[in-house]
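Please walk through the model below, element by element. The text takes up confidence, then packing, then contacts and surface.

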Amino acid sequence: MRDFFIKGLEIVITVVLILAAVGIAVVAIGALFGGVPVGEFRIEGPAMAAVVALGGYLGLLVIGGALYLGLGIYANTRRTADALELLITLRR
């Protein structure tokens, strides 16, 4: 039952990351038609879209990487525990 929830969490994380990537693309396309004042300058057009896309995808990469790292640590810990249990059983 525990594996079911871990696999389900992995699927949910994957779907959320894909939806976030699509959302970032939509916002970047929307930024092509708008602008944001930054101090005395106004960033607009392709430059703003590039800034939004770069910032969004870098943030998504960091968060997604951290989430998958947590799942990977769980999987490695489980495999290590199974290997140690097998080793202890074989030595008896």
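What follows is a short account of a predicted model.

Residues are numbered from 1 along each chain as its sequence is written, and side-chain values use heavy atoms, with hydrogens and water left out. Because the model is predicted, local features need pLDDT of at least 70 and side-chain atom pairs count only at pLDDT 80 or more, while totals for chains, interfaces and linings use all residues.

Confidence comes first. The mean pLDDT (the predictor's confidence in each residue, from 0 to 100) is 88 for the protein, and 95% of the residues score at least 70. Helix α1 has the highest confidence, at 92, and strand β1 (residues 35-38) the lowest, at a mean of 62. Helices (H or I, at least four residues) and strands (E, at least two) are DSSP runs, numbered from the N terminus. Where pLDDT is low, the predicted coordinates should not be read in detail.

The largest nonpolar core consists of I13, L17, I24, L60 and L71, five residues. Such a core is a set of buried Ala, Val, Leu, Ile, Met, Phe, Trp, Tyr and Cys residues joined through side-chain atoms within 4.5 Å. Helices α1 and α2 are the elements that give two or more residues to this core, and α1 supplies the largest share, three residues. Also in α2 (residues 46-91) is G64, which is buried at a relative accessible area of 4%. Buried means under 20% relative accessible area, exposed over 50%, and partly exposed in between (1.4 Å probe, protein chains only).

Which residues form a salt bridge? D3 pairs with R78, the closest N and O atoms being 3.5 Å apart. Since D3 lies in α1 and R78 in α2, the pair ties together parts that are 75 residues apart in sequence. The count is one salt bridge, under the rule that a side-chain nitrogen of Lys or Arg lies within 4 Å of a carboxyl oxygen of Asp or Glu. Both partners are partly exposed: D3 has a relative accessible area of 40% and R78 one of 29%.

Last, the aromatic residues. The whole structure contains one aromatic pair. The ring centres of F4 and F5 are 5.4 Å apart and their planes stand at 70 degrees, so the pair is edge-to-face. Rings of Phe, Tyr and Trp (its six-membered ring) pair if their centres lie within 6.5 Å; planes under 30 degrees apart count as stacked, over 60 as edge-to-face and the rest as tilted. F5 belongs to α1 (residues 2-31), and both F4 and F5 are exposed.
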